[in-house]
Amino acid sequence: MTVLVIAEHTHDEIKPSTLNTISAAAKISSDIDVLVIGQDCAAACSAAQKIAGVSKVIKCDHAAYAHNIAENITPAVLQIAKNYSHILAPASTFGKNVMPRVAALLDTQQISDIISIENDSTFKRPVYAGNAIATVESLDSIKVITVRTTAFDKVAAEGGNAALEDLAAAETTDISNFVKQEVTVSDRPELTAANIVISGGRGLGSAENFHIIEKLADKIGAAVGASRAAVDAGYVPNDYQVGQTGKVVAPDLYIAVGISGAIQHLAGMKDSKVIVAINKDAEAPIFSVADYGLVADLFEVVPELTDKIA
Amino acid sequence: MKILVPVKRAIDYNVKVRVKADESGVDLANVKMSINPFDEIAVEEAVRLVEKGVASEVVVVSIGPAQVQETLRTALAMGADRAIRVQTDVPTDLGGVEPLAVAKCLKALCDKEQPSLVIMGKQSIDDDSNQTGQMLAALLGWPQATFASELSISATKDSAEVTREIDGGLETLAVKLPAVVTTDLRLNEPRYASLPNIMKAKKKPLDDVSAEELGVEFKPRLKVLKVTTPPTRQSGIKVDSVDALIDKLRNEAKVI
Ligand SMILES: Cc1cc2nc3c(=O)[nH]c(=O)nc-3n(C[C@H](O)[C@H](O)[C@H](O)COP(=O)(O)OP(=O)(O)OC[C@H]3O[C@@H](n4cnc5c(N)ncnc54)[C@H](O)[C@@H]3O)c2cc1C
Ligand SMILES: Nc1ncnc2c1ncn2[C@@H]1O[C@H](COP(=O)(O)O)[C@@H](O)[C@H]1O
């Protein structure tokens, strides 16, 4: 049994989500290959060779892979897919976009967003916004899987010594073309990788007011998240959204400020180690998952917290 | 230009889900069911394209038991022109019709209906798979633009520009038509169907086709062995001041 992990990378570097995915792969087999599909991705490949537990890095380098165009990535994966019993990718927007396309062409029913591996064909995955956990057995011969990264610790980025192999580009297509990207730039830690996350909700009231969250975050080196309502209202960019249909986070500390705690929001943060809720409504559902609740006006206590916290 | 919109009947997003005592699934008895929220957004987008004069017809499709006709009527009341139900007794919730089988049904219908665009939800809120649109695009050999927050059709109607919500921010793709677009939450705000439109929807055509006619089998590939309740969090405490909170975080939880 050999497992293939499709790397998520920036062409120069391997993204942390890949390390979580390899950790899941290691629970299935000790024979793990990593496929890096990119343009001028030699640096990402040599980083991948150093990852602990990887046997082989396969480099598929071509201008058509400059952006993650699923219509081009998929044929690249399919060139070698049949050599593997399992094909894994992180359940990021990258993995979610590409993997079902791969699965369909292999005539395989994908297993989305797994949080545990029971054996090589049985997996657990959250359903109904995390309100239920399904244990599912795949009857397909090749298992195509996306991995919920917060459920698996990262493998070490150093210490490995994998072989490197080249794979020629697959046929490319021009039915889908990259136009532009608006990347949210921030000096703060990445939301899904941060040890502390502070999220703001509709209670903040405006984009301007949201700065009080950012000030606190910067004081303690936290990432900033948000509820859907805060994103919809335009207080912060879309990629801040935490929840069932946004990002899933599980930091050591999650502070929810002015967030009511709808099930769709809880789905994205309730596996955090310690949860703090600040809300002026003592009945807000967020308090039912909070280790420490502070019933107060956020405009008074958040600045106070920022002043007093070390 | 014809638009096909697949809609799924799913548990209403406000319902508090309960797992059955025998761990065979979740309790759907007497539970409110609705059109999957992302599919409602897809119907809205398609109807707007007709209203803007870009598209000429919106066909909605649902795969599942008789009750999915209600879901189709909801979509017709929002302004879709006609509906197709793919008959099966297999339920639509977890362990029932699977994304790959749904995608195969939709592929067969696309071969027949020849739409220029399929707009569908990015995810159903019961099985949370987030697969069907990508699978359909793959089977058809069409481009896919997933997680769309903005969609515009070119003047010549042979391509679409789609803004996608991705982990790092926003990405814009240009896809040639025909294509599959999957909706994210911020694409639009769906309308409420007015009473006259609900009445009108009752007279709109709703055709049945069997899954066998489409040549699709619903043999499960993913056997649901059991469904359990996730571990519940111990309920915590309320603190009465910022000082008390900092003390707890520092000395009890030791996270700062
Ligand atoms: C299909 C679907 C998917 C969804 N996916 C997501 C998702 O991924 N993530 C997500 O977050 N939501 C999601 N939602 C939306 C979700 O249902 C809620 O609407 C949303 O989470 C509410 O955001 P909120 O808590 O910020 O706003 P509200 O529910 O309006 O809560 C605001 C809170 O702020 C408090 N407040 C106000 N002023 C103050 C003050 N001065 N001081 C202290 N507290 C104050 C209020 O007491 C209230 O509890 C989804 C919904 C659907 C239908
Ligand atoms: N039974 C069904 N009938 C019609 N459309 C469906 C069905 N199941 C899924 N879909 C469509 O596929 C999308 C994604 O679903 P999923 O891949 O299950 O998360 C949904 O938002 C619907 O648009």
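**Figure 1. Contribution of β4(B) to the shell around ligand 2.** In this predicted model, β4(B) gives three residues to the shell around ligand 2, the largest share. The elements of chain B that supply two or more residues to this shell are β4 (57–64) and β6 (117–121). In total, 20 residues surround ligand 2. The closest are B:Asp39, B:Ile63, B:Ser124, B:Asn130 and B:Thr132. Sorted by class, the shell around ligand 2 holds 10 polar, seven nonpolar and three charged residues.

Figure 2. The side chain of B:Ser124 places an N or O atom 2.7 Å from an oxygen atom of ligand 2. For B:Thr132, a polar side-chain atom is likewise found 2.7 Å from an oxygen atom of the ligand. The side chain of B:Asp127 has an N or O atom 3.1 Å from an oxygen atom of ligand 2. On its own, ligand 2 has 490 Å² of accessible area, and the protein covers 99% of this. The site of ligand 2 is the largest cavity.

**Figure 3. The shell around ligand 1, with residues from chains A and B.** The site is shared between chains, because residues from both chain A and chain B surround ligand 1. There are 30 residues around this ligand, and those that come nearest are A:Arg202, A:Ser227, A:Val242, A:Ser260 and A:Asn279. In chain A, α6 (228–232), α7 (263–266) and α8 (298–308) each supply at least two residues of the shell, as does α1 (37–51) of chain B. The shell around ligand 1 consists of 13 polar, 12 nonpolar and five charged residues.

Figure 4. An oxygen atom of ligand 1 lies 2.6 Å from a polar side-chain atom of A:Ser227. Nitrogen atoms of the ligand take part in contacts with A:Val242 and A:Thr245. Ligand 1 sits in the second largest pocket.

Figure 5. The bond from B:Leu177 to B:Pro178 is cis, and its omega is near 0°. B:Pro178 belongs to the loop between β9 (169–176) and β10 (179–183) of chain B.

Figure 6. B:Glu23 is a residue other than glycine with a positive phi, near 60°. The loop that holds B:Glu23 runs between β2 (9–11) and β3 (33–35) of chain B. B:Glu23 counts as partly exposed because its relative accessibility is 34%, which falls between the limits of 20% for buried and 50% for exposed. Phi of B:Lys157 is also positive and near 60°. B:Lys157 is placed in the loop between β7 (144–153) and β8 (159–166) of chain B. With a relative accessible area of 38%, B:Lys157 is partly exposed.

Figure 7. Chain B has six helices and 13 strands. Along the principal axes, its C-alpha atoms fill a box of roughly 65 × 45 × 40 Å. Of the 256 residues in chain B, 57% are buried.

Notes
Residues are numbered from 1 along each chain as its sequence is written. Chains are lettered from A and ligands numbered from 1 in the order in which they are written. This is a predicted model: local features need pLDDT of at least 70, side-chain atom pairs count only at pLDDT 80 or more; totals for chains, interfaces and linings use all residues. Side-chain values use heavy atoms; hydrogens and water are left out. A residue is near a molecule or strand if one of its heavy atoms lies within 4 Å of it. A polar contact is a pair of N or O atoms within 3.5 Å; within protein, one must be able to donate a hydrogen and the other to accept it, and residues adjacent in sequence count only if both atoms are side-chain atoms. Accessible areas come from the Shrake-Rupley method with a 1.4 Å probe; for residues, only the protein chains shown count as cover. On a 1 Å grid over the protein atoms alone, a cavity is a set of points where a 1.4 Å probe fits but cannot get out, and a pocket is an open set with protein on both sides within 12 Å along at least five of seven lines; lining residues have an atom within 4 Å of a point. A molecule sits in a cavity or pocket if more than half of its atoms lie within 2 Å of its grid points. Helices (H or I, at least four residues) and strands (E, at least two) are DSSP runs, numbered from the N terminus. Ala, Val, Leu, Ile, Met, Phe, Trp, Tyr, Cys and Pro count as nonpolar, Asp, Glu, Lys and Arg as charged, and the others, Gly among them, as polar. Buried means under 20% relative accessible area, exposed over 50%, partly exposed in between (1.4 Å probe, protein chains only).
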